[in-house]
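Hi,

Here is the structure I said I would pass on.

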Amino acid sequence: MSSEAGPEPAQDDGTPDATTPPGGPGALPAAGEPSQFLIAPNGVINLGPVHGGQRLGNHGIPGGRSNDGRVQPREGPISSEEITRAGAGFAEPAWFPEALAELGSRVLFLTGPQGTGRRTAALNLLTRRSGSLVLHAVDSDVDLAEWRPDNSEVRGYLVDGLRLHQPPKRMVLERLRAQLRKTQAYMVIVLSGGPELAGELRRELDITPVLCEPPPPRAVFDARLEHAVPNAAERARLHAALAPGLLEELLVPELVPAQVAELVAELASGHTDADALRERLSFLAAEEAPRLLHDLREDADSLAFLLATCVFEGLDHRLVREEANRLLRLADGRLDSELVGSEAEERSRPNPEFVFRKSLTDLLRDIGARRHPPEIQSSSGYDYTAEPVRFTRHRRADVVLRHVWREYGHMSRLLTDWLKSVPAEDDLVHPVGRVMGMAARWGGGRGALAHIGELALHDRRTTRGIAAYALGRAAEDPVLAGEVRHRLYGWSNAKSWQLRSTVAYACATEFGVSRPAQALRLLRRLGRDRAQDDAHEGTVAQAVRNALITLSLSGNQPAVFECLAAWAEDRSEDGALALRAFQDLLTFDARWFADQLLGAGDVPEAPERITGLIRRTLNDDSLFPDTASVLLAWCTQGALGDDRRGAAVEALLTALARVVRHGELRLFVLIDESDERHDVRLAGGDIAREALNTWRYGRTA
């Protein structure tokens, strides 16, 4: 497909940056650039014209997602997969029956620290009470006085992390219960706040929020192990293989369910050696971080390598070492505990450029990491062999970075300067954005997002992509989610094209995918008519199109289509952007559109509405080539065995043939000419030929 983005301004490193924002290869190449990229929470998306299969490489993207890499929705439908996972191996806590009975009033308030299994318990409460898997998430900034149920099919609503500055009025709560009762639905509200809020609810509404206390770790362990290893004999074998007293040592009362699940996963994988378990389990890392940093205080090389591994764990050891060396140069002595004092000492100082200064093996041993066997990794459109570096202990990276950020104030500035200037490589954006987002949660305070704001103003696309991923990660925190939302809405109307493009990038991260309605509102604001011939505005428009594709492919097709259909009604350049995004979706969500055209979809009057939008693009000279290319590809794929797409394009062509104008005529000519050149008959070729014959004999409608 051709792009309307125009050339990207020169990058600050003198090299075209091949990401828009980074997320993997492919995405509507802009004029003068080899390619651009799309943030896609579980995949890499090529937005060029397609006449065959797509190669879809998967990349894990941090932020707002479950432990297995799936995005946790903050608004809209909750997947049946997440609900099923929540019930798998669920150990019912002592307070569960009481909470289940309280939910009979239609609304239940849950409270408790993060990490205690609040979301898992809430999902189990909703499914148990409603007997349904049709559950929706409600965003944490909801105004309960204004909220209304989505539709009559939803049986349960989860508000995860609601922040109440003051309790709702009694009348609001009663109206909420009445609305839920009318639709036979229930709502669990997980409160984000301390005991003061619970006290206010008791005083104002005579409601005592249920304190979410996890079951004893041993009960969680037994339930999860039974689910992970259904065979009783195999479970007995695993228990017998453990050293006496090891479980009692590990299953201390302070463990939360997620930590117990980690232990179960290790045992289910066959790891029963006591020393190996102690070495690997993440919940033993917290006490090690201060000791590890203390042991490396006199070794700047190992300190830099430790920090680089914390950020880039899982990437090739050569890249990790390059970044460690870059950090050392940038630190300029700030990682050295002592400075040389006299001229004599200066002469005897170890040579920092000595090539045999420290081996990789020594560095790995110092920080408790290993170099793993070669594996294939991808970056910027090509594959390469990597030998990834990973810590022996799970989550050591997060624990060390959190300790450094919170305990060593001057280090945060050095880390920010280092990470915002990483090379413009796609595979570095995800890990750096992840760390920057977590740092916002570690730091807190009024300036928690200040370092991300600096990145969002950068001219380089990879740096703005880092900011987008960081915002998605930061928004996992219910408190920061409000500030992230506030900033994005402000930036969406800013004069700065850098800020507005960052907003579009963020809509394609977990922030947007988990809040599709908010993301679509932001993208619509970004699409307001501007100087479209400006290269920078083209960058923003391109990012908007990419984000719409990501949102659609993440399971939000009806919402995205409804947004584009309404958006396209604007006959300005603003509407043209929506039509170009619609063209993109015809390529990359073709299966969904085929179902809609055949009447098997979930959008009212979909065949007529899709046909109408296609007519618009066919009769616009600037849009015709891309739409014609997509539809010709559908005809070809239908001829090559894709019966679903073939039937859909035939239904579409039949509808188009009823009213033939210039654009429809050009399409039919193109299909007819292509049909004559192919060895197989194109799907819809006969329909195009018949329409042409009708037109030639003057019998147009």
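Helix 29 (residues 624-639) and helix 30 (residues 643-656) have a left-handed crossing, where left-handed says that the near helix is turned anticlockwise from the far one by less than a right angle, and right-handed that it is turned clockwise. Their axes come within 8 Å and cross at roughly 130°. That makes helix 29 oblique to helix 30; under 35 degrees would count as roughly parallel, over 145 as roughly antiparallel, 65 to 115 as roughly perpendicular, and the rest is oblique. The axes are lines fitted to C-alpha atoms, over the stretch in contact for helices, with angles from 0 to 180 degrees between N-to-C directions. Helix 29 brings Leu631, Trp634, Cys635, Gln637 and Gly638 to the contact, and helix 30 brings Arg645, Gly646, Ala648, Val649, Leu652 and Leu653 (contact means heavy atoms within 4.5 Å). By class, that contact has 7 nonpolar, 3 polar and 1 charged residues (Ala, Val, Leu, Ile, Met, Phe, Trp, Tyr, Cys and Pro count as nonpolar, Asp, Glu, Lys and Arg as charged, and the others, Gly among them, as polar).

Before you go further: this is a predicted model, with local features needing pLDDT of at least 70 and side-chain atom pairs counting only at pLDDT 80 or more, while totals for chains, interfaces and linings use all residues. Residues are numbered from 1 along each chain as its sequence is written, and side-chain values use heavy atoms, with hydrogens and water left out.

Now another helix pair. Helix 18 (residues 426-443) and helix 20 (residues 461-474) pack at an angle of about 45°, their axes 7 Å apart, and are therefore oblique to each other. The crossing of helix 18 and helix 20 is right-handed. On the helix 18 side, the residues in contact include Val429, Val432, Met436 and Ala440, and they meet a set in helix 20 that includes Ile466, Tyr469 and Ala470. The residues of this contact divide into 9 nonpolar, 5 polar and 3 charged.

For the chain as a whole, there are 32 helices and 10 strands (DSSP runs, H or I of at least four residues for helices and E of at least two for strands, numbered from the N terminus). Buried residues make up 55% of the 701 residues; buried means under 20% relative accessible area, exposed over 50%, and partly exposed in between, with a 1.4 Å probe and protein chains only. Among contacts between residues at least 6 apart in sequence, 70% join residues at least 24 apart.

A few single residues:

- Thr127 is found in helix 3 (residues 118-130) and is buried, at 18% relative accessible area. Leaving aside neighbours within four places in sequence, Thr127 is in contact with Ile83, Ser132, Leu133 and Leu135.
- Glu200 sits in helix 5 (residues 195-205) and counts as partly exposed at 26% relative accessibility. The C-alpha atoms of Glu200 and Pro167 are separated by 6.7 Å, with the two 33 residues apart along the chain.
- Asp206 is in the loop between helix 5 and strand 6 (210-211). Asp206 is exposed, with a relative accessible area of 63%, and has a positive phi near 55° without being a glycine.
- Arg395, in the loop between strand 10 (389-391) and helix 16 (396-407), is not a glycine either and has a positive phi of about 65°.

Cheers
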